[in-house]
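Student: I'd like to learn how to read a cavity and a helix face in a model. Can we walk through one together?

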Amino acid sequence: MIKSMTGYGRGEAAMDGRSATAEIRSVNHRYCEVSARLPGRYGFAEDAVKQLAKKCAGRGKVDILIGFTSTNEEDALVTLNTAVARQYFSGLRELQKSFDTTGEISLELLASMPDILRQERPQADEETIEALILEATEAALIRFDHMRIAEGAELKADMEIRLDRLKSIAKTIEKRAPEVRDAYIAKLQDRIAALSDIHEGDALLEQRLAIEIAIFADKASIDEELVRLASHIDQFKNAIKDDGDGEPVGKKLDFIVQEMNREANTIGSKANDLHITDLMIALKTDIENIREQIQNIA
């Protein structure tokens, strides 16, 4: 199935006063590269988020932003370190004595000291919170994938038009090639006839010209290249069929189009005809356009 490498999706999940959001966006990239940003307290879920995204992405640079809010009392556990508070209080009293000052050592002042009041999250809740974050991520991935499929359908339609045009051009070249060969052979035969009149009875000359005809016919033959090109076009068409397997095909298509380009170059180098050369320019232009489109496919 054809999917674009670019896409965006947003998902949400909520339960028991907790709420998670996930935003996913991707751009073109040669490989699959996933990065995720989560609030510091929830970094424990980062690897699971990345792994979930990688199963969907195929290729592309994927950025995930996770948000998390909670009104659940279990997520707002505050611990009081009275031992540390006593030491602060004792130390402040010593300062008062040392500098002969008076004043109230307020509760607010003590509470503002480091390590007296700490907000903690019970370790037992990590599994529940991670599940909620993954639920939001999965919802975002569904929307993200729908967008990529829609864009992929447009890419597929464009490439199918170009593939049909490639087949049409190749068939025109196939029809033209024998005419070029026959015209060249006819010229050589005329030369043989003319030289035969001059060098009547020179069997060696006639034999050499006959060999030249055979060599040209062999070197100029593009039958094999046209057969392989047609095969590559068919393979490409099969690869972009909507067969529903969901497997990424970008790398496979990239390889096939390289082989198509190789055959086109060989045909162009063998072409000894201006009309075929013009056809090859059109053919290679469409192959290059297809190659550019593949760079957007996962």
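Student: Which element gives the most to the lining of the largest cavity?

Tutor: Helix H4 does, with 3 residues. Keep in mind that this is a predicted model. Besides H4 (126-198), helix H5 (203-219) also gives two or more residues to that lining.

Student: Which residues lie nearest the centre of the largest cavity?

Tutor: Of the 13 lining residues, look at Ala 177, Val 180, Ala 220, Ser 221 and Ile 222. By residue class, the lining divides into 8 nonpolar, 2 polar and 3 charged.

Student: Now the helix face. What's the general idea?

Tutor: An α-helix has 3.6 residues a turn, so residues three or four places apart point the same way.

Student: Which residues of H1 are buried?

Tutor: Val 49, Ala 53, Cys 56 and Ala 57. Looking down the axis of H1, you'd see these buried residues fall within an arc of 90°, so they line one face of the helix.

Student: And what exposed residues does the face turned away from the buried side carry?

Tutor: Asp 47 and Lys 55.

Student: What comes just after H1?

Tutor: Gly 58, with a positive phi of about 80°.

How values were computed:
Residues are numbered from 1 along each chain as its sequence is written. This is a predicted model: local features need pLDDT of at least 70, side-chain atom pairs count only at pLDDT 80 or more; totals for chains, interfaces and linings use all residues. Side-chain values use heavy atoms; hydrogens and water are left out. On a 1 Å grid over the protein atoms alone, a cavity is a set of points where a 1.4 Å probe fits but cannot get out, and a pocket is an open set with protein on both sides within 12 Å along at least five of seven lines; lining residues have an atom within 4 Å of a point. Helices (H or I, at least four residues) and strands (E, at least two) are DSSP runs, numbered from the N terminus. Ala, Val, Leu, Ile, Met, Phe, Trp, Tyr, Cys and Pro count as nonpolar, Asp, Glu, Lys and Arg as charged, and the others, Gly among them, as polar. Buried means under 20% relative accessible area, exposed over 50%, partly exposed in between (1.4 Å probe, protein chains only). The arc is that of the directions from the helix axis to the C-beta atoms.
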